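I would ask everyone to keep the structure in view while I go through its sheets, a pair of helices and a pocket.

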Amino acid sequence: MAREIAITLYLMVFKTIFALAKWFPIKRKVVFVVSFSENNQRIWKEMMRQDVPCRVIFLATDKMYPIFSREQEAETLLFEVKHPVQFLKGIYHLATSKVVLVDNYYGFMAVSDFKKEVTCIQLWHANGAIKKFGLQDPSNEMRSAKAISRFKKVYAKFNKIIVGSEAMADIFREAFGAKEEQFARTGIPRTDPFFDKPKQRRIVDKLYGKFPYLRGKKVVLYAPTYREQDLVAFRLQLDLEKLVPSFSEDMILLVKLHPAVRGRMVIPDDMKDKVFDVSTYAGMNELLFVSDVLITDYSSIPFEYSLLKKPMIFYLYDHESYLLERGVWEDYKTSLPGPVAYTTEEVNRILLEDSFIEEGASVAEFCKRWNQYSQGHSSENVVRLINDCL
């Protein structure tokens, strides 16, 4: 109840300030509201390449601010209440920009009554989904009718929703209540580097320079999904004592944890030449280029990794409890492009036997389904859409 009251008060203040800012005229500006980096960075670089004639403002969280504040050709503001001056400027830009791009659910959108000439584009941060979200999130059963109404108001603000496949469009229909006319089938900008071999080679060379231990190794990357209970008591569920001793001489393990729990992993002294914590490295997709095998669970990483046609293992040690808590969009075990393991011993067996015979969809089928419109020109397509709206 207290949380709902706080949200209501916050939105009342936001709505008032936004309404006052609307008295100013709309200008040729593009505002990015950013919680994630890769899609937004790809679009911004393409806008600079095309020399799009407009002003660009990034409204960023504390986490994203260091990344986007480096962009000298754009203005970056800390869009959080604890930075009141920048927050107020951000609301002004939201109310007076011709195009607004958002990459997540933002509650303030429920009271952002844009003028009719403004285009709001939802640039979702993943090009596929296993976990349920939006109107289909199982946790909605615990929410008030007022909260659900607020969600619907936010989703109704999206004039265009960027999609990379019909599979993802179907999910947005359920998650956002989206209509056909809202979809922009441009492909997902963050996938563009997966079609650029010279860029991939440059990334690999950069990573070899930063992490020399990668060179000449068979790299296994473990990237588990964030779980809220990890904040209370984090424990790596992949048992290194059972896994690493069986590695061949040329195998190493990289572990990429969620930013919320990074720094909590302890690597035993006798494994420090085989196991490396790369959680502080920001470029998740870049790590995919130097990885030979991906171990993950319910994350969106496989949707991009499938473009590389490399093997994956799905380590679902908590699948029953996770299904109850978060929910999934379909019978995920038959649609995943790789074998499923429930214990470290099973992961180990699959790695040792190289037994990557898919138990569900093949990597190629999975890639074709989820990357249907992502063919290496997605950033160009999105910038063309932005230009059309300016």
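Strand β9, residues 251–255, pairs with β10 in the parallel sense, and three bridges join them. Within this pairing, Leu254 stands opposite Phe276 of β10. Please bear in mind throughout that we are looking at a predicted model.

Where do β9 and β10 belong in the order of their sheet? They are part of an open sheet of six strands, with parallel pairing, which reads β10-β9-β8-β11-β12-β13. At its edges are β10, residues 275–277, and β13, residues 340–341, and each of these pairs on one side only.

I turn now to another sheet. This open sheet has seven strands, again described by parallel pairing, in the order β3-β2-β1-β4-β5-β6-β7. Its edge strands are β3 (75–78) and β7 (183–184), each with pairing on one side only. Inside the order, strand β1, residues 27–34, and strand β2, residues 55–60, are paired in the parallel sense over six bridges. As an example, Phe32 has Phe58 in β2 as its bridge partner. Helix α2, residues 38–50, packs on this sheet and touches β1, β2 and β4 (97–102). The direction of α2 makes about 155° with that of β1. Helix α4, residues 84–96, lies across β1, β2, β3 and β4, and runs at about 125° to β3.

Let us move on to helices that meet each other. Two packed helices are described by the angle between their axes and the distance between the axes. For α1 and α5, the axes come within 11 Å and cross at roughly 40°. The crossing in which α1 passes α5 is left-handed. Which residues make the contact between α1 and α5? From α1 there are Glu4, Ile7, Thr8 and Leu11, and they meet Lys146, Ala147 and Arg150 of α5. By type, the residues of this contact are three nonpolar, one polar and three charged.

Rolling a probe the size of a water molecule over the atoms shows where empty space is left. The second largest pocket holds about 340 Å³ of space. Its lining comprises 16 residues, and those closest to its centre are Leu11, Lys15, Ala110, Val111 and Lys153. Which elements give two or more residues to this lining? They are α1 (2–21) and α5 (145–155). The largest share, six residues, comes from α1. Divided by type, the lining of the second largest pocket has six nonpolar, three polar and seven charged residues.

Terms used:
Residues are numbered from 1 along each chain as its sequence is written. This is a predicted model: local features need pLDDT of at least 70, side-chain atom pairs count only at pLDDT 80 or more; totals for chains, interfaces and linings use all residues. Side-chain values use heavy atoms; hydrogens and water are left out. Two strands pair if DSSP finds at least two bridges between them. Helices (H or I, at least four residues) and strands (E, at least two) are DSSP runs, numbered from the N terminus. On a 1 Å grid over the protein atoms alone, a cavity is a set of points where a 1.4 Å probe fits but cannot get out, and a pocket is an open set with protein on both sides within 12 Å along at least five of seven lines; lining residues have an atom within 4 Å of a point. Grid points are joined across faces, edges and corners, and a volume is the space filled by probe spheres set on the points. Ala, Val, Leu, Ile, Met, Phe, Trp, Tyr, Cys and Pro count as nonpolar, Asp, Glu, Lys and Arg as charged, and the others, Gly among them, as polar. Axes are lines fitted to C-alpha atoms, for helices over the stretch in contact, and angles run from 0 to 180 degrees between N-to-C directions. A crossing is left-handed if the near helix is turned anticlockwise from the far one by less than a right angle, and right-handed if clockwise. Contact means heavy atoms within 4.5 Å.
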